Amino acid sequence: MGNLIIKKSIMKQEIFNDLEEFWKNLPNAGEVSTFWLDVEKEVPNYVDAVVLQDDMFDTVGMASIMLYRMREHNMKVPVFYFIGEKSEKMRTIALKLGIKNINIRSYNIPEMKNRIVFFKKELEGKKVAFVTSLVRYLPLKFALESLSKNCEIYFNVANETIEDALTWVNCNAAAGGLVLLNKIATWYLAGGLLPESLKGYVHLNFWQKMQINLSIKFHQRRIAVETNLMIRTYQRLFRKRHWAY
């Protein structure tokens, strides 16, 4: 509970209250994670490719678990696609968590519309698992509707709380949570889930962007510490399960 109080303190109380209400309307991660035949026991479906986008670095750890579970079931190792401006950082984390370089493809494709064009060409006829944060699942599912004619799509969705989302690993906590609020406003503006108070965070002004840049610069050490902690947490889990990485 103490950590949640800390998270609350970085943004205005009324905004946090609306954010909490928004979060309650998000789907249950276990119910929408179609990659797992059995979510609780982590029984995987076979897929040819696993796609991660750079909105949540913790998805790399999730992808590593998918890989080890697929190995246990004697499945062929899929190709891991890292998409986005921070795809190389994802690759670096992946190499520390047992995903081999030979199985990784990374592409700096910022715009979602361009990613869809890439997916249609690259993933034609394949079984594909998209690994995503909970908060991005619904917009991603909507964006991928046109792709369903080209390939068979599965999802592995993070069981993510607001506390999980407001971290420094993804810089979401920067400038009092402004980065996370901007992502949510951008992804959900066209839908009906976005509270009125959050719609104003779609277009950030010059000062807000400056606040974000200064906040990220100031917290570089904290970002590095939290990133290393995340990696070590997964590594401990893998050692406990006797998985070699």
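Biologist: What is the volume of the largest pocket, and what makes a site a pocket and not a cavity?

Modeller: In this predicted model, the largest pocket has a volume of about 1100 Å³. A pocket is an open set of points, whereas a cavity is a set from which a 1.4 Å probe cannot get out.

Biologist: Which residues lie closest to the centre of the largest pocket, and which helices supply its lining?

Modeller: Of the 32 lining residues, Arg 136, Asn 182, Lys 183, Thr 186 and Trp 187 are the closest to the centre. At least two lining residues each come from helix 6 (112-122), helix 7 (134-143), helix 9 (174-188) and helix 10 (206-218). By class, the lining comprises 18 nonpolar, 5 polar and 9 charged residues.

Biologist: How does the second largest pocket divide by class, and which element gives the largest share of its lining?

Modeller: The second largest pocket, with a volume of about 910 Å³, has a lining of 15 nonpolar, 10 polar and 9 charged residues. Helix 11 gives the largest share, 7 residues. Of the 34 lining residues, those closest to the centre are Met 56, Asp 58, Asn 159, Asp 164 and Tyr 234.

Biologist: Why are helix 4 and helix 11 called roughly parallel?

Modeller: Helix 4 (residues 58-72) and helix 11 (residues 220-240) pack at an angle of about 15°, and their axes are 10 Å apart. Angles under 35 degrees count as roughly parallel, and the two helices are therefore described in that way. Their crossing is right-handed.

Biologist: Which residues make the contact between these helices?

Modeller: Helix 4 contributes Asp 58, Gly 61, Met 62, Ser 64, Ile 65 and Tyr 68, while helix 11 contributes Met 230, Tyr 234, Leu 237 and Phe 238. These divide into 7 nonpolar, 2 polar and 1 charged. Gly counts as polar under the scheme used.

Biologist: How many cavities of 30 Å³ or more does the structure hold, and what lines the largest cavity?

Modeller: There is 1 cavity of 30 Å³ or more. The largest cavity has a volume of about 40 Å³. Its lining consists of Asp 55, Met 56, Ser 133, Val 135, Glu 160, Asn 170, Asn 172, Leu 180, Lys 183 and Trp 187. Helix 9 gives the largest share, 3 residues, and the classes are 4 nonpolar, 3 polar and 3 charged.

Note on methods. Residues are numbered from 1 along each chain as its sequence is written. This is a predicted model: local features need pLDDT of at least 70, side-chain atom pairs count only at pLDDT 80 or more; totals for chains, interfaces and linings use all residues. Side-chain values use heavy atoms; hydrogens and water are left out. Axes are lines fitted to C-alpha atoms, for helices over the stretch in contact, and angles run from 0 to 180 degrees between N-to-C directions. Helices (H or I, at least four residues) and strands (E, at least two) are DSSP runs, numbered from the N terminus. Angles under 35 degrees count as roughly parallel, over 145 as roughly antiparallel, 65 to 115 as roughly perpendicular and the rest as oblique. A crossing is left-handed if the near helix is turned anticlockwise from the far one by less than a right angle, and right-handed if clockwise. Contact means heavy atoms within 4.5 Å. On a 1 Å grid over the protein atoms alone, a cavity is a set of points where a 1.4 Å probe fits but cannot get out, and a pocket is an open set with protein on both sides within 12 Å along at least five of seven lines; lining residues have an atom within 4 Å of a point. Grid points are joined across faces, edges and corners, and a volume is the space filled by probe spheres set on the points.
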